[in-house]
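User: I would like a close look at one part of this model, the open sheet and what surrounds it. Please keep to what can be computed from the coordinates, and give the cut-offs of the terms as you go.

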Amino acid sequence: MSEPLPEGVKYLVKINPVEKAPKLTDEAKAELISVGMMDEKGKLKLKGVSPKMLKRMKQESVNCPVLSKEVAFVQCYVCRNFHSRVSGQVYCKGDPL
Ligand code: SF4
């Protein structure tokens, strides 16, 4: 029996360790810059995420069920569908993007 998903969460998406996460899309970058989580040089500044954690996040990807493609975990983390990360999985709200 699997645990019931939290309210508003549609998918449980497994986080995969990879050599190098897929490139962030230009849209994702623009979004990150607009919310102050990336500087103009493309350096990430995620609030509350240590450099060590960030390094790990850059080596993770998810197979996004909404976009139907592999995306960098960093992109997933800042996605408006991102609910939380629990034991190697993303709780995704699953709304159309
Ligand atoms: S949070 Fe966004 S990027 Fe991550 S799996 Fe859900 S829709 Fe895809």
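Which residue in strand 5 stands opposite Y11?

Analyst: The residue opposite Y11 in strand 5 is C92. This is a predicted model, in which local features need pLDDT of at least 70 and side-chain atom pairs count only at pLDDT 80 or more, whereas totals for chains, interfaces and linings use all residues. Residues are numbered from 1 along each chain as its sequence is written.

Strands here are DSSP runs of E with at least two residues, and helices are runs of H or I with at least four, both numbered from the N terminus; two strands pair if DSSP finds at least two bridges between them. Strand 1, residues 11-17, pairs with strand 5 in the antiparallel sense over four bridges, and within strand 5 the bridge partner of K14 is Q89. Strand 1 also runs antiparallel to strand 2, to which three bridges join it, and there P17 stands opposite E60.

These pairings belong to an open sheet of five strands, ordered 3-2-1-5-4, with antiparallel pairing. Strand 3 (69-72) and strand 4 (82-86) are at the edges with a single partner strand each, so one side of each is left without a neighbour in the sheet. From one strand to the next the twist averages 30°, where axes are lines fitted to C-alpha atoms (for helices, over the stretch in contact) and angles run from 0 to 180 degrees between N-to-C directions. In a regular strand the side chains alternate between the two faces of the sheet.

Two loops of the sheet hold a residue other than glycine with a positive phi. S68, in the loop between strand 2 and strand 3, has a phi near 55°, and S87, in the loop between strand 4 and strand 5, has a phi near 35°. A residue is exposed if 12 or fewer other C-beta atoms, placed from the backbone, lie within 10 Å of its own, buried if 20 or more do, and partly exposed in between. S68 is exposed, with 7 other C-beta atoms within 10 Å, and S87 counts as exposed with 5 such neighbours inside 10 Å.

The largest nonpolar core has 14 residues, and those with the most contacts inside it are V62, A72, F73, V74 and C76; such a core is a set of buried Ala, Val, Leu, Ile, Met, Phe, Trp, Tyr and Cys residues joined through C-beta atoms within 7 Å. Strand 2, strand 3, helix 3 and strand 5 each supply at least two of its residues, and helix 3 gives the most, with three. Leaving aside its neighbours within four places in sequence, C76 is in contact (C-beta atoms, placed from the backbone, within 7 Å) with V62, C64, V71, F82 and V90.

Note on methods: Two residues are in contact if their C-beta atoms, placed from the backbone, lie within 7 Å.
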